[in-house]
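These are my notebook entries on one structure, kept in the order in which I looked things up. The sequence and the model come next, and my entries follow.

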Amino acid sequence: MSEPRTDAKICGMGHSMKRKEDPRFIRGQGKYIDDFVLPGMLYMDIVRSPHAHAKIKKIDTSKALKIPGVLAVIDGPTLAKYNLHWMPTLSSDTQMVLPIDEVMYQAQEVCAVIATERYIAADGVDAVEVEYEPLPVMVDPFKSLAPGAPILRKDKKDKKDNLAFHWEAGDKADTDRALAASDVVVSENVYLPRIHVASMETCGCIADFDTAQGKLTVYMTTQAPHAVRTVLALVAGHVGLSEEKIRIVSPDIGGGFGGKVPVYPGYVVAIAASVVIGKPVKWIEDRMENLQADSFARDYHMKVELGAKKDGTMTSLKIKTVADHGYTNASANPSKFPAGLFSICTGSYDLKHAFCEVDAAYTHKPPGGVAYRCSFRVTEAAHAIERATDALAQKLNMDPAELRMKNFIKPDQFPYKSVLGWEYDSGNYAGALKKAMDTIGYDALRREQAEKRKKGELMGIGICSFTEIVGAGPSKQFDILGIKMFDSAEIRVHPTGKAIARFGTKSQGQGHETTYAQIVAEELGIPAAHVQVEEGDTDTAPYGLGTYASRSTPTSGAAAAMAARKIRDKARKLAAHLLEVNENDLEWEPGKFSVKGAPQKSKTIQECAFAAYTNHPQGMEAGLEAVHYYDPPNLTFPFGSYICVVDIDRGTGDVKVRRFVAVDDCGNIINPMIVDGQIHGGLTQGIGPALYEEISYDDEGNISGGSFLDYYVPTSLETPKWETDKTTTPSPHHPFGAKGVGESATVGAPPAIANAVVDALRHLGVTHLDIPITPEKVWIILKSKGVAE
Ligand code: CDP
């Protein structure tokens, strides 16, 4: 769909409607957790471990409790009385809420101080004295998995190693045979380091237990409010928190990116404190707590082997991965896919033989594996195949664009069954790459590069042609902790023809209030301006699994269309009643039913809505509303081709992104302006890990990158001008042909940038560089090759 079908008044799909939520955001009227102040509210602050692994010998709270305003200190033994000192993670692992005798990573929660004011709580934290006995620290996932390594998770009684899980897809023996028979095999060790989502708003909550009603309301920064309510009911049912007495409210959220899916100990302790004390308790992380203790992303060590014939035809792919999950596997992956959707690693290429495996290791680091703006490990998969593709082009002395064109799955092969089990719904990969090449002037750039190389200047051109897999997911395969991954929409049309629509997802800035309203407008012809969208309140919204992994459009977006179509069916009956004709004699155009052959006889959707409450036919239920729980038949497979041009300073090793063209395809678009914004944001969150961001640990488990002084998120100064464009290949199974888009750019940008840098250095014999590609890394290479200035 290229042109909108509705007019600007209705503002259905395809209109770049201004975001309905923005007036409140840009005027500072958004309501985030820290904006809530409840009567009698108390504050919580957390004592954290300075050690990565230590025995807790003693916690002395006496000085803290003497501070006026400090009301309580909650520690592990306190929670243990209620059996609340451990909790399940969303990946079916277990995690301490507060420790009894041992801490397992630096910045782990040790105990919590409750006080009448935020700063008094912080003073209380300073006054708590904890005696630790440091213990040996394991930070290397390879050593952790080696035979004879000391066991980290001693709480798991039968655990004899540090393997969090092993997962594999494909036929290993067949792939080994195909690799052995290949004319050329490239093999690269590709590491995607630990990074952090570093969203603008840190995590926090207000737990408010109403002793009169026995009801708990938790205002919290969660991307998945319904799942949290259910998990809370399951783990705290024995202390009286049953599901109807729990309300989770997720208000405006300042960025989630997967980091606000896990349940952090702070939430649970605040809830316990509110239930025990009977007053609201607020907990908000500071920036350093957020960076140091919340879930991390990536940390994937991948050995990638790609085989091909002499002419460049790819034959086989094998990837062996060691994943560092830290102390516990606290990511939220679908149960059947502990390594997420990593098996999309064959990417955009028609590979007949492939195998991938992941060994996940426990280490003394905070929990890792969060899907940072990524559909469960797709970023890692795309990086592996796109880097290997460039390495193959280099080895074959072929142009990387030509190699890609040769191996792309062709448009007539869709729906395409990949060797690792996915059914790609639709695609036109060559179309997207060609458009990107034409836009950037690829051939001219290659000529310029050749000229520059003669003069000793370092310029590189990098391509990434990624395929995403989003919209988890079909319930036959996808669940989290057993809860199937459908999502929902509920629409009510009021008598005057205005509507309210509620969803099981939860926007964190993506613009759902606008785009969901546009879907309803498209389907019913009610102007988007008159469709009020609400998400995030479990007392009112229909059940759903939340917003992450670009799933909102493929699931709740689809549910919105389906619910609206149910309403349209009923409106048709109402129109037939009002016009005294058979409903089959009516035809629909957005906002109106008219009699076939007599278009002057018509009824608007507003007239039908009014009749639903004032003049509905006998035997018909009054009202005009519908709910739909959408179980997608398949995932959606958005894709794109990105081309990046870099110049490298031979004096400093600094990489400057000169141009970046991103051609994306997310099927039919609801709001082009919002999609463009999603791509811009995603690209910026792609240049961050490509060039700047990394969290690492020394041998004692001390974090580096634990504050914004040494964790370099890109600012406007580092961010180049993004040039965006699109192709449109609708999804054949989605109700309005859309695919998700929120994460495409974060997936596609890092390999494009890494490929550009390697391309600039390939005549020096460089075949691979791990991200982040810092000036220091580049300069060391330039120095060793004798070309540094
Ligand atoms: O789940 P999440 O909202 O993060 O991802 P998404 O479904 O990819 O949507 C991100 C934003 O882009 C939402 O506001 C969508 O409605 C919008 N979008 C769109 O306008 N057209 C598409 N084909 C896909 C997404």
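**Entry on helix H18.** I began with helix H18, which is mostly covered: 18 of its 18 residues are buried. By buried I mean under 20% relative accessible area, with exposed over 50% and partly exposed in between, using a 1.4 Å probe and protein chains only. H18 runs over residues 744-761, and from its first C-alpha to its last it reaches 27 Å, close to the 26 Å expected at 1.5 Å a residue. That expected span is 1.5 Å times one less than the number of residues in the helix. Helices (H or I, at least four residues) and strands (E, at least two) are DSSP runs, numbered from the N terminus.

**Entry on the source.** I note that this is a predicted model, in which local features need pLDDT of at least 70 and side-chain atom pairs count only at pLDDT 80 or more, while totals for chains, interfaces and linings use all residues. Residues are numbered from 1 along each chain as its sequence is written, and side-chain values use heavy atoms, with hydrogens and water left out.

**Entry on Val646.** I next looked up Val646, which has its place in strand S30 (residues 639-648). Is Val646 buried or exposed? Val646 counts as buried because its relative accessibility is 0%. Leaving aside neighbours within four places in sequence, I found Val646 in contact (heavy atoms within 4.5 Å) with Leu458, Met459, Gly460, Val655, Lys656, Val657, Arg658, Ala756 and Val757.

**Entry on the ligand.** Which residues come nearest to the ligand? Of the 23 residues around the ligand, these are Gln510, His512, Ser552, Thr553 and Val741. A residue is counted as near if one of its heavy atoms lies within 4 Å.

I then listed polar contacts, that is, pairs of N or O atoms within 3.5 Å; within protein, one atom must be able to donate a hydrogen and the other to accept it, and residues adjacent in sequence count only if both atoms are side-chain atoms. A polar backbone atom of Gln510 is 2.7 Å from an oxygen atom of the ligand. For Asn671, a backbone N or O atom lies 3.0 Å from a ligand oxygen, and for Val741 the corresponding distance is 2.5 Å.

How much of the ligand's accessible area does the protein cover? I noted 98% of the 510 Å² that the ligand has on its own. Such areas come from the Shrake-Rupley method with a 1.4 Å probe; for residues, only the protein chains shown count as cover. Helices H14 (512-524), H15 (553-579) and H17 (672-692) are the elements that give two or more residues to the shell. The largest share, three residues, comes from H17.

**Entry on Ser556.** Ser556 is buried because its relative accessible area is 0%. Apart from residues up to four places away in sequence, Ser556 touches Asp487, Ser488, Ala489, Phe503, Gly504, Thr505, Tyr516 and Arg551.

**Entry on Arg19.** I found Arg19 in the segment before helix H1 (22-26). With a relative accessible area of 17%, Arg19 is buried. A polar atom of the Arg19 side chain lies 2.7 Å from the backbone oxygen of Gly509. Beyond four places in sequence, the residues touched by Arg19 include Gln510, Met673 and Ile674.

**Entry on Asp140.** I placed Asp140 in the loop between strand S8 (129-134) and helix H5 (141-145). Asp140 counts as partly exposed because its relative accessibility is 27%. The side chain of Asp140 reaches the backbone nitrogen of Phe142 at 2.7 Å. Asp140 and Asp698 are 558 residues apart in sequence and 9.9 Å apart in space, C-alpha to C-alpha.

**Entry on the backbone.** I looked up two cis peptide bonds. One runs from Phe414 to Pro415, with omega near -5°, and Pro415 is in the loop between helix H11 (400-407) and strand S18 (416-417). Another joins Ala472 and Gly473, with omega about -25°.

I also noted that Arg298 has a positive phi of about 65° although it is not a glycine. Arg298 is in strand S15 (residues 297-308) and is buried, with a relative accessible area of 3%.
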